[in-house]
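Dear colleague,

I am passing this structure on to you, and below it you will find my notes on what turned up.

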Amino acid sequence: MGVKGVNQGHGAVVPPTEQKLSDEMDVTKKKYLRGGEANLEVLKDKKLKGQLAVREALHLKTAQAAANAEKYLLPSEEGYLEPEGLEKTWRIKQDSIAPAVDILSARNQYDIVVPDLGPYRLDFTPSGRYMMVGGHKGHLAIVDMKQMSLIKEFQVRETVRDVVFLHDETMFAAAQKKYPYIYNRDGTELHCLKEHGAALRLRYLEQHRLLASINEYGQLHYQDVTDGRMIGSYRTGFGRTDVMQVNRHNALLALGHSGGKVTMWSPTSSSAVIEMLCHKGPISAIAFHPTNRDLMATSGKEKKVKLWDMRNLKGPLQTLPGQAETLDFSQKGLLARGTGSFLQVLRDSSGTQKYEKYMTHPLVKGYQIEKVLFRPYEDVLCIGHSMGWSSILIPGSGNPNFDTWVANPFETPKQRREREVHSLLDKLPPETIMFDPTKIGTVKPPRKEKPTKEEKEAELEAALEVAKDIVPKKKTKGRSKPSKMKKKKQEIIANAKRPFLEQQMKEDEQMARKKQKGMEQVELPTSLQRFARKKVTI
């Protein structure tokens, strides 16, 4: 038996397996097509019709090539939990997952107990190969997650508030008691960044090679790690905060404040690019979706987690009950939130940005979660807590196919050197950090020319003519007397004149300010300088 093929000619028979593969390729090809096929039969111009036909054929070829690349070069598929019958995914425990996975994945379930040095903060390299852990009591360590081996650990003998990798695993920064320090992978101190002060949180902007920090006095600092220049140092004006996250789409830093506001900052602006009131209480955590650039998650002390669309900034897309001290999105869009000794993972199973409970994981009673972080390109979630750090399996969280030009977990030393040189040459300037990076390379709209005096007078006359032709509505009970009708007509004419008069007043004020500023800049003679008005200095 067989299935008759659609594109195989008259009477051709295609085996079911090949027909299934063909259908899958058609579905994959539709993802890369730029809309539907154009109807060229309605065109009468033969030359234009031929040119568009060539373009359409080219688009079909590129879509087919992209579909083939996805099929043969990206063979791995993401896994997920599939319940049966009345079974719920959040009731499945880690003990039930371990027997169903391969040996390498089972190695990612572990608990490292270091009771006297926590709580721990975590960070991964972009490839997910190396993990950096920092204990509050001064314990720092680098772990190779592929070999499951400890590369280096040492004790700095003072408070460590945060850790972050720089361009690769060879260098990392630690926010210690007084200043942030930069170390290499051997534990050698390279730099002490005294300009940052007592930093509470650190973030690294990979494409711009900038190390950002927020200190205990609410000061935000940007430093270029390639040449050591301080790019920006600003006082936020919103007080102390330890909630900071970077949006990978536009490289803006988001800060959460005690008043419920989330502010976003750029190194070229001394004031916040965006201020939005997200919660009624203090902000406890912020997270950005890695692929959906318009989705942001925030958590407040009033025990609510909100999802926001960054395109309109008007209201939350979804409000979820529950407290979250830390949030993180996975590469596939799963949202992990942790508070106390309880962890919950949410999933958008319908694709409509409506998150539902997917998995739960209770830690040992008494453990206090400090940080949750998904490991890139793996279905693994790492948890830093007061007694050490743990790792659990979350099926469907990681991207199963990695691009070696972007992040290569199996990178050799030679490839690392080449990538480091290329990334340094491709470094973006700080001026490219803005809310909408798509504006870069576009043409600035022309400035509107100011209308001349004659044009203003013509517009005023036209508006008055229209106002004079308006007939007021007749009313009863003596409200349409000639005197009142005349008064209403005068009000209509005055209302038509008002916008022009207000515009003229604004222009006169601007001219007066410019004139006053020009007079102030004129340097007075020495004998008259003591009579000049002195500026008040604060």
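Where is Lys475 found? Lys475 lies in the loop between helix 6 (453-469) and helix 7 (482-521), helices (H or I, at least four residues) and strands (E, at least two) being DSSP runs numbered from the N terminus.

Please note that this is a predicted model, in which local features need pLDDT of at least 70 and side-chain atom pairs count only at pLDDT 80 or more, while totals for chains, interfaces and linings use all residues. Residues are numbered from 1 along each chain as its sequence is written, and side-chain values use heavy atoms, with hydrogens and water left out.

Lys475 is partly exposed, with a relative accessible area of 42% (buried means under 20%, exposed over 50%, partly exposed in between, with a 1.4 Å probe and protein chains only). Together with Lys473, Arg479, Lys481, Lys484 and Lys487, Lys475 forms a positive surface patch (residues with over 30% relative accessible area and no salt bridge, like charges being joined within 9 Å; a salt bridge is a side-chain nitrogen of Lys or Arg within 4 Å of a carboxyl oxygen of Asp or Glu).

Strand 6 (residues 139-144) is, by contrast, mostly covered, with 6 of its 6 residues buried; His139, Ala141 and Val143 lie on one side and Leu140, Ile142 and Asp144 on the other. Strand 6 pairs in the antiparallel sense with strand 5 (residues 130-135) over 5 bridges and with strand 7 (residues 149-155) over 6 bridges, where pairing requires that DSSP finds at least two bridges between two strands. Asp144 is the bridge partner of Tyr130, and the bridge partner of Asp144 in strand 7 is Ser149.

Best regards

Terms used: Patch = residues over 30% accessible without salt bridge, like charges linked within 9 Å, V, L, I, M, F, W, Y side chains within 5 Å. Areas by Shrake-Rupley, 256 points an atom, 1.4 Å probe, with all protein chains shown as cover. Lys, Arg positive; Asp, Glu negative; His and termini not counted. Charge placed at Lys NZ, Arg CZ, Asp CG, Glu CD.
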